Amino acid sequence: MVRLLCLSLVISAGLCLARLAEAGPFDPAAGQPGSLAVHMSSLEFQGWATGWQDYVVGSDVTTAWQTPSKALGPAVGTSYDIVCLGNGGSIVL
């Protein structure tokens, strides 16, 4: 469970830090041939974070992405519903 939550945070951090010129290549979407992605509704997820503490914002993070409560609960399926850690940032869930 912790590994999946960490993976989710790493993916989220990567999405908000990636610049268009630096983006990719990425695996295809979950369920597509060649993809290693796990769909957000997969039963492999056994639980979701219910609280957070010690959110440290790293560098290069716009204020709009600094909402740690967005790291809680199940994924909602948009790339805008995330908290960004930034370069060197961290959060404890």
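Predicted model: local features only at pLDDT ≥ 70, side-chain atom pairs only at ≥ 80, totals over all residues.
Q: How many aromatic pairs does the structure hold?
A: Rings of Phe, Tyr and Trp pair if their centres lie within 6.5 Å. On that basis the number of aromatic pairs in the structure is three.

Q: Which kind of aromatic pair do Phe45 and Trp48 form?
A: Planes under 30 degrees apart count as stacked. The centres of Phe45 and Trp48 are 4.8 Å apart, and the angle between the planes is 25°. The pair is therefore stacked.

Q: Why is the pair of Trp52 and Tyr55 edge-to-face?
A: Planes over 60 degrees apart count as edge-to-face. The ring centres of Trp52 and Tyr55 are 6.4 Å apart. Their planes stand at 80°, so the pair is edge-to-face.

Q: What is the relative accessible area of Trp52?
A: Partly exposed covers the range between the buried cut-off of 20% and the exposed cut-off of 50%. Trp52 is partly exposed, with a value of 40%.

Q: Where is Thr67, and what separation do its C-alpha atom and that of Leu85 have?
A: Thr67 sits in the loop between β1 (53–56) and β2 (90–92), and is partly exposed at 27% relative accessible area. Leu85 is 18 residues apart from Thr67 along the chain, and their C-alpha atoms are separated by 9.9 Å.

How values were computed:
Residues numbered from 1 in each chain as written. Heavy atoms only, no water. Helix = DSSP H or I, 4+ residues; strand = E, 2+ residues; numbered from the N terminus. Buried < 20%, exposed > 50% of the residue type's maximum accessible area, 1.4 Å probe, protein only. Phe/Tyr/Trp six-rings, centres within 6.5 Å; stacked < 30°, edge-to-face > 60°.
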